[in-house]
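Me: I have a model to go through with you. Can we start with the pockets?

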Amino acid sequence: MHPIRPWPRSRAATVAVAALVAAAAMLGPSPAYAADDTERPTAPGPITVTAIDTTWVELTWTASTDNVGVVDYAVSALFEDTGRAYSTDTTTIRITDLLPSRTYTLSVAGLDAAGNRSVSNPTLRLTMPPGDTQPPSAPGQPVAYDVAATLLWLRWTPSTDNVVLDRYEVYRVDAGGQLTRVSEVYQHPPGRTSTQVSGLTPNTTYTFVVRARDEAGNWSALSPPVTVTTLPPPPSCAVRTVVRQWPDGFVAYLAVENTGTTAVNGWTMTWRFWASQEVRALWGAQVVDRPNNSYLRVRNTSHNAVIRPGGTVSLGIVATGTQLPEEVTLNGGVCVAADE
């Protein structure tokens with residue numbers, strides 16, 4: 001038998017192996033693997049602004065330390081409830097997609113190779129320099145709707161702005177022209193141009209105006225005013241209901257009595273009415289709308305607007321579904337169920 005001889009190795013291969021061994025020795029001990037490293041880096045030092053303009057900012061901070069090594073920094077810029085995330089493998093960053101006059105909350109956290117994340121350093125609240133001096137256009141004249149005894153809704157056509165709207169403010173115009181703010185409508189997200197005004201006095205006349213503010217702090221001119229009178233206090237009422245029902249529908253007859261001491265002159269009535277239900281017929285009243293798709297709102301006809309004390313108004317409805325009339329209100333006042 002012939003002895004087994006080792007496979008011949010070229011001189012070049014021998015040199016390459018030797019070089020790899022030497023390089024490994026120079027690198028020292030192998031770093032910890034992700035599975036072995038559970039220690040997170042220390043928090044970076046405080047954020048410092050090194051340069052700033054209306055739409056960009058340069059930041060720096062003291063490095064994190066770690067038992068193995070920090071490989072990245074996670075940077076965030078938060079405005080209201082929205083934000084942007086950035087990353088860098090150095091202790092500086094330039095953020096370029098910011099907006100003038102907007103206030104951001106900036107934070108930095110260190111990350112190591114194993115994915116351990118430090119706590120964020122103390123955050124920095126930074127307001128960008130103003131870069132916008134053009135005010136928004138004035139909002140359109142408010143329109144009052146869903147007027148009740150102690151509250152009402154206002155809506156208006158929107159303002160326009162060369163950058164971004166921040167909010168609308170609604171004011172009550174008091175005697176002598178003094179303005180009292182009654183509502184703020186923020187535009188984050190944008191598009192809201194209505195608000196409810198509550199805490200009003202029944203049977204009282206009010207005047208309201210609206211103005212807009214952009215994110216640079218520029219104010220629009222005031223809108224044209226709207227004057228509206230709240231309704232009298234809700235009447236006391238009682239309701240009797242007679243129902244004939246089938247598997248997916250019903251006919252209901254409602255008799256609503258004014259149990260107060262003052263005549264009702266013009267009325268709206270609501271009761272619970274789900275979105276899946278449909279009105280097939282209605283008499284003694286006219287449909288106004290279906291607020292929130294949870295109620296049906298009707299109003300008087302031309303011949304039954306007045307309900308004198310002790311008087312009754314009668315109406316009927318044919319509808320689909322199994323939800324019968326309940327939670328009946330008359331001009332915002334809840335009607336109690338009367339005995340049959």
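Predicted model: local features only at pLDDT ≥ 70, side-chain atom pairs only at ≥ 80, totals over all residues.

**Pockets and a hairpin**

Reply: The largest pocket has a volume of about 730 Å³. A pocket here is an open set of points on a 1 Å grid over the protein atoms alone, where a 1.4 Å probe fits, with protein on both sides within 12 Å along at least five of seven lines. Volume is the space filled by probe spheres set on the points, which are joined across faces, edges and corners.

Me: Which residues lie closest to the centre of the largest pocket?

Reply: Asp146, Ala148, Leu151, Thr270 and Arg297, out of 23 lining residues. Lining means an atom within 4 Å of a point.

Me: Which element gives the largest share of that lining?

Reply: S21, with three residues. Strands are DSSP runs of E, at least two residues, numbered from the N terminus.

Me: What classes line the largest pocket?

Reply: 11 nonpolar, eight polar and four charged residues. Asp, Glu, Lys and Arg count as charged; Ala, Val, Leu, Ile, Met, Phe, Trp, Tyr, Cys and Pro as nonpolar; the others, Gly among them, as polar.

Me: What volume has the second largest pocket?

Reply: About 260 Å³. Its 17 lining residues include Pro232, Pro233 and Pro235.

Me: New topic. How do S3 and S4 run?

Reply: Antiparallel, joined by seven bridges. Pairing takes at least two DSSP bridges. Glu80 has a positive phi near 55° in their hairpin.

How values were computed. Residues numbered from 1 in each chain as written. Heavy atoms only, no water. Helix = DSSP H or I, 4+ residues; strand = E, 2+ residues; numbered from the N terminus.
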